[in-house]
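This report describes a single protein chain for a reader at the start of their studies. Please examine the sequence and the structure shown here before reading on.

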Amino acid sequence: MAAFAVTVPAMVLLGAWRGAAQRDGRSAAFGWSLMTEHGAKVALTAPLLAALPGPAAAVTATLLGLLLALPVVRPRSGAAQAAAGGDVPVVTGGREGKAALTFVAAAQSALLYGDVLLAGVLLPPADAGAYAAAATLARVVFFAGWAVQVAAFPVVARRVAAGERTGPLLGAALAATLVIAGLPAALFALAPAWSAQLAFGTGMGGAVIPLLSLTGLGTLALTLAGTALNHALASGGAAVLWRVGGAYLTANLVTLTCAFLVSPEPAHLALAALAGKATLILTAALVLRPTTRRFPHILPRL
């Protein structure tokens, strides 16, 4: 548990910096940070498993991925931001906006990585390592969906600032997320043995296979809900940020509750994480409802 906790400050800081980059329209930095983090995790997990015990390998790969991604998305200074210009409206402002943005980043990071922390607490070391490996590989689904969100955010923000309808953009972003993120999720569900052995080899692959379909499906639910919440973030100010953070926090609480109710087995923990991430779909819908009342052009009646 102590080893997994070492990654939490980097997770929160990276989430906050990504939120700032998304807010400021720095799509390239945001996207490259995702590629760096998740690419490094997937690439480093297999060789580290050959040199370290399962949990230590997963923690080390996670921490290295986070640390490598931080300089990619580091916030610009005020002068550099002004010199870069840009026409993406800032959706937060002042101290309240920064606090809300930090809350969203922390809650989102907790939902994305919290089940791995729970595995370190609830499962034996070998099972925790297998779970961490499956969860790390399943983040390919998250990465694919975030590519859609990065592209959609500045477009939605510009249209909202111009008073234009953005409902069709939400529908298109959800459809694109389902297709692009759904492909790796379907691969993990239909060919878990091939996927696990390709990523981790025969030694670790056998323990990952039973978990991969569940972790992939849970990550797909998180990614779809994240696309909807990303749309809400691009459409409002600090008040919307607090509602989005509350949606992630609720999903975290459901995950935590389910994890302590089920027996300490990897598959049961994967089901608990799936339940929490599926809850995010419901809370995202609740976030969008008041947003659509405030901005009727965001989600028109189809």
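## A buried glutamate

Glutamate 37 counts as buried because its relative accessibility is 0%; buried means under 20% relative accessible area, exposed over 50%, and partly exposed in between (1.4 Å probe, protein chains only). Glutamate 37 belongs to helix α3. Helices (H or I, at least four residues) and strands (E, at least two) are DSSP runs, numbered from the N terminus. When neighbours within four places in sequence are left aside, glutamate 37 is in contact with Leu14, Arg18, Gly65, Leu66, Ala69 and Tyr113, where contact means heavy atoms within 4.5 Å.

## Basis of the model

The model is predicted: local features need pLDDT of at least 70, side-chain atom pairs count only at pLDDT 80 or more, and totals for chains, interfaces and linings use all residues. Residues are numbered from 1 along each chain as its sequence is written, and side-chain values use heavy atoms, with hydrogens and water left out.

## The chain as a whole

The protein chain contains eleven helices and zero strands. Of its 302 residues, 52% are buried. Among contacts between residues at least 6 apart in sequence, 82% join residues at least 24 apart.

The chain exposes about 12500 Å², and carbon and sulfur atoms supply 71% of this area. Accessible areas come from the Shrake-Rupley method with a 1.4 Å probe; for residues, only the protein chains shown count as cover.

## Nonpolar cores

A nonpolar core is a set of buried Ala, Val, Leu, Ile, Met, Phe, Trp, Tyr and Cys residues joined through side-chain atoms within 4.5 Å. The largest one has 44 residues, of which Leu222, Leu229, Val244, Tyr248 and Leu280 touch the most other members. Two or more residues of this core come from each of α2 (8-23), α3 (27-51), α4 (54-69), α6, α7, α9, α10 (238-261) and α11. A second, separate core has 30 residues, including Ala135, Ala144, Ala185 and Ala273.

Which residues does leucine 229 touch, not counting those up to four places away in sequence? They are Val244, Ala247, Tyr248, Leu280, Ala284 and Val287.

## Cavities

On a 1 Å grid over the protein atoms alone, a cavity is a set of points where a 1.4 Å probe fits but cannot get out; lining residues have an atom within 4 Å of a point. Grid points are joined across faces, edges and corners, and a volume is the space filled by probe spheres set on the points. A search of the whole structure finds six cavities of 30 Å³ or more.

The second largest cavity has a volume of about 70 Å³. Its lining consists of 13 residues, and Asp115, Ala135, Thr215, Thr219 and Lys277 lie nearest its centre. At least two lining residues are supplied by each of α6 (94-122), α7 (125-161), α9 (192-235) and α11 (266-294). The lining divides into seven nonpolar, three polar and three charged residues; Ala, Val, Leu, Ile, Met, Phe, Trp, Tyr, Cys and Pro count as nonpolar, Asp, Glu, Lys and Arg as charged, and the others, Gly among them, as polar.

## Residues with exposed surface

Helix α8 (residues 167-190) holds alanine 189, and leucine 190 is also placed in α8. Alanine 189 counts as partly exposed because its relative accessibility is 43%, whereas leucine 190, with a relative accessible area of 75%, is exposed. The C-alpha atoms of leucine 190 and serine 213 are separated by 7.8 Å.

Leucine 253 lies in helix α10 and, at 49% relative accessibility, counts as partly exposed. Leucine 253 and threonine 279 are 26 residues apart in sequence and 9.9 Å apart in space, C-alpha to C-alpha.

Definitions and conventions: On a 1 Å grid over the protein atoms alone, a cavity is a set of points where a 1.4 Å probe fits but cannot get out, and a pocket is an open set with protein on both sides within 12 Å along at least five of seven lines; lining residues have an atom within 4 Å of a point.
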